[in-house]
Amino acid sequence: MAFFDRFWKGTRTGAPDGAGTPAGFYPLYESSRPLDDDEDDDVLPRPKVSATPDYDAWDAKLGQIDEALVVTERKRLRPWQRDYWRTRSKWWWAGRAAMASLAVFALLIGWLMITAPLSKSLEPIAPPQVTLLASDGTPIARQGAVVEAPVKVADLPPHVVEAFLAIEDRRFYSHWGIDPRGIARAAWTGYGGGSTITQQLAKFTFLTPEQSITRKAREALIAVWLESWLTKDEILERYLSNAYFGDNQYGLRAASLHYFYRQPEKLRPEQAAMLAGLLQAPSRYAPTKHYDKAKARMELVIKSMVDVGYLTKAEADALPDPRIDVRTRDDNLPTGTYFADWALPLAREGMEASYSQATLTTTLDSRLQSLANRIVARSRIGNAQVALVAMRRNGEVVAMVGGRDYAKSPFNRVTQAKRQPGSTFKTFVYLTALQEGWEPDDTIPNTPITQGSYRPKNAREQYSPQITLEDAFASSSNVAAVRLLQAVGSDKVIRTARRLGITSPMTEGDPSLALGTSSMTLMELTAAYAGIAANQYPVEPHAFPRGEQGWLEWLTTRTDSMSDRTHEDLEGMLRAAINRGTGRAAVLPIANFGKTGTTQDYRDALFVGYAGDLVVGVWVGNDDNTPLNGITGGSLPARIWADFMRSALKIEAAPAPEPSDTPDPEGPVMPMDVIEGEIPLGQDGTSLQVDGNGVTLRQDGVPVEVRVDQGGVVVRPSPAPTPPP
């Protein structure tokens with residue numbers, strides 16, 4: 001009977017005679033089967049059909065079905081479909097907006113933690129003053145702002161704090177970083193400070209001075225952030241310790257000492273009012289230059305203090321005019337020199353941000369620096385520029401001249417100008433050959449190069465079938481240097497230069513590399529020669545003394561050196577270049593080593609060498625890279641180098657040579673990268689040029705020359721220099 005229960009309609013009444021289909025069953029074929037009496041006994045009573053059906057319950061159930069269908073259909077929608085968003089309720093949108101706001105706020109907080117660290121407000125906004133001393137303790141330069149120790153609000157008299165609050169931010173202790181009332185009051189009255197002290201701290205500590213809506217928004221945001229992390233006194237202390245008060249004075253303590261020569265804890269009310277008035281325009285109101293303007297601004301501050309209630313009218317009227325007391329200080333040192341401009345950034349790299357002034361001792365030798373200045377000033381270079389750098393073999397820079405006049409051109413031609421080194425680069429080519437097993441007496445063809453696209457020539461077209469490496473180096477043979485570069489490989493030459501400390505780009509496979517066509521600084525080139533002089537490289541030029549190297553530093557620092565034999569052979573070549581080669585104008589009565597360099601069209605003239613414990617590089621050229629007036633590395637730069645070395649090393653004049661019955665059969669090696677037959681005379685730039693028809697006498701910087709030939713003596717203008725091969 002359980003099967004027939006599914007078809008029950010709710011009543012058992014049927015036909016009166018019992019025939020036909022019993023009422024209450026669906027007309028299925030199972031219903032026509034006779035019932036068993038025994039089965040009837042076990043059947044439960046059937047539910048009765050209600051005369052009034054519950055349509056509301058059916059409607060509620062159907063409504064639930066409809067809602068379920070709507071939910072199911074909504075789940076099938078995707079965000080890129082319009083109905084996905086149109087069906088959302090207002091509460092759904094409100095919840096999502098709140099979540100988005102929280103996410104944006106979290107991102108802003110994270111961004112502030114990265115871009116505006118709280119510790120930055122503790123640092124001085126301007127680099128503190130640094131004084132550089134020469135190695136003997138002589139002050140040589142001073143640079144940076146005057147910054148003193150921070151102030152503490154608890155230690156300041158009330159009238160000092162009140163003066164700043166009255167004119168800058170009256171509601172400082174009651175607002176949350178932004179003060180709409182203060183902005184409105186400033187717009188209405190014209191004074192009182194539109195930005196709060198917290199906003200000002202955020203501006204000069206974290207932001208740039210640009211004027212834009214974005215910056216103002218960031219300023220307000222950072223101000224609220226500062227208020228949430230710092231106490232009011234901490235904010236005020238950082239503000240007073242960093243604000244600019246004019247005359248290069250940063251912070252209340254520095255300003256108080258500068259203008260009144262007293263600590264801020266002892267400031268009188270009128271002095272505090274004058275200092276508070278400077279903040280709006282420190283340079284315009286500085287009392288040392290504009291006392292009347294500073295006094296008028298001070299009176300406005302005092303009036304604000306009366307309005308707020310910090311002073312009574314009687315107390316304000318009784319305040320006297322403050323007296324400026326600027327004590328004499330040793331501020332006559334130059335704030336910029338070539339050496340200082342190079343050394344100060346190096347000094348600040350190792351200094352922690354603090355308010356204390358620093359005095360640092362450098363490697364500069366005041367005597368050698370003064371000597372270098374005098375020699376450069378008296379050199380006859382016309383309108384050209386000159387640069388000189390002198391260092392010890394360990395890289396301690398003792399003298400630096402970056403140009404003729406720092407006041408006219410602070411551009412440092414020792415450390416900033418990248419110029420071609422010319423034949424001074426040949427030293428690295430010959431050193432590579434020696435390390436590859438060549439000997440100074442080995443020969444190499446000195447004939448013209450007639451194959452390939454690059455065909456350099458020797459000066460005066462002087463060639464020979466063969467030439468020794470030492471003579472080729474001394475005479476600065478161009479074709480021999482190019483052939484030697486090709487023989488040992490440009491990659492090995494570049495590797496040698498890199499080991500010596502040359503970091504400038506060098507093109508592998510370029511044959512002109514042998515003649516010094518890759519640009520580099522004079523400092524870089526001179527340091528490489530210092531490595532050769534010390535036979536320990538690379539040498540790092542430095543401006544501050546270095547202590548003895550510890551065992552760990554010694555273990556981890558990479559240094560190279562050449563064999564004693566190779567070093568001896570290379571120094572023999574460098575001596576030959578001076579004593580009987582292109583650098584004869586640099587001869588000293590002691591052991592000296594060096595190399596000349598002259599670039600194409602006389603655009604650069606160099607001499608780099610060493611003697612005693614000094615390594616010196618000299619460069620002469622024009623900033624616009626125009627040709628010089630026939631100046632070569634063996635002329636003016638060599639003479640400047642020799643003049644400096646003689647005085648620096650305190651070398652006495654060499655005795656006149658005694659006559660000999662057996663003169664040197666070889667004689668001086670004829671230079672191959674200078675003008676034909678040019679013979680230096682003395683140290684003043686005078687030279688004698690001999691050709692087949694006569695003799696010409698000329699001097700560097702003199703626009704005329706004297707010619708003696710078969711026609712007699714002729715004074716004529718000096719010709720424009722012809723480009724060397």
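## Contacts and overall make-up

Among contacts in the chain with a separation of 6 or more, 66% link residues 24 or more positions apart. The model is predicted. Its chain holds 24 helices and 17 strands.

Of the 725 residues, 45% count as buried.

Strand β1 covers residues 130–133, and strand β2 covers residues 139–143. The two run antiparallel and are joined by four bridges. V130 has Q143 in β2 as its bridge partner.

Five residues lie between the strands of this hairpin. G137 takes a positive phi there, near 90°.

T521 sits in the loop between α20 (490–499) and α21 (522–534). Is T521 buried or exposed? T521 counts as buried because its relative accessibility is 10%, under the 20% cut-off.

A polar atom of the T521 side chain lies 3.1 Å from the backbone nitrogen of E524. Leaving aside residues up to four places away in sequence, T521 touches V414, T415, A417 and K418.

The loop between α21 and α22 (551–556) contains P538. The peptide bond from Y537 to P538 is cis, with omega near 5°.

N535 is found in the loop between α21 and α22 too. Phi of N535 is positive, near 55°, and the residue is not a glycine. With a relative accessible area of 15%, N535 is buried.

## S476 between α18 and α19

Which loop holds S476? S476 lies between α18 (469–475) and α19 (478–488). S476 is not a glycine, yet its phi is positive, at about 60°. The relative accessible area of S476 is 0%, so this residue is buried.

## A nonpolar surface patch

Which residues form a nonpolar patch on the surface? They are L697, V706, V708 and V715. Together these four have about 300 Å² of accessible area.

V708 belongs to strand β16, which spans residues 704–709. V708 counts as partly exposed because its relative accessibility is 41%. That class lies between the 20% limit for buried and the 50% limit for exposed.

Key
Residues are numbered from 1 along each chain as its sequence is written. This is a predicted model: local features need pLDDT of at least 70, side-chain atom pairs count only at pLDDT 80 or more; totals for chains, interfaces and linings use all residues. Side-chain values use heavy atoms; hydrogens and water are left out. Patches are made of residues with over 30% relative accessible area and no salt bridge: like charges are joined within 9 Å, nonpolar side chains (Val, Leu, Ile, Met, Phe, Trp, Tyr) within 5 Å. Accessible areas come from the Shrake-Rupley method with a 1.4 Å probe; for residues, only the protein chains shown count as cover. A salt bridge is a side-chain nitrogen of Lys or Arg within 4 Å of a carboxyl oxygen of Asp or Glu. Buried means under 20% relative accessible area, exposed over 50%, partly exposed in between (1.4 Å probe, protein chains only). A polar contact is a pair of N or O atoms within 3.5 Å; within protein, one must be able to donate a hydrogen and the other to accept it, and residues adjacent in sequence count only if both atoms are side-chain atoms. Contact means heavy atoms within 4.5 Å. Two strands pair if DSSP finds at least two bridges between them.
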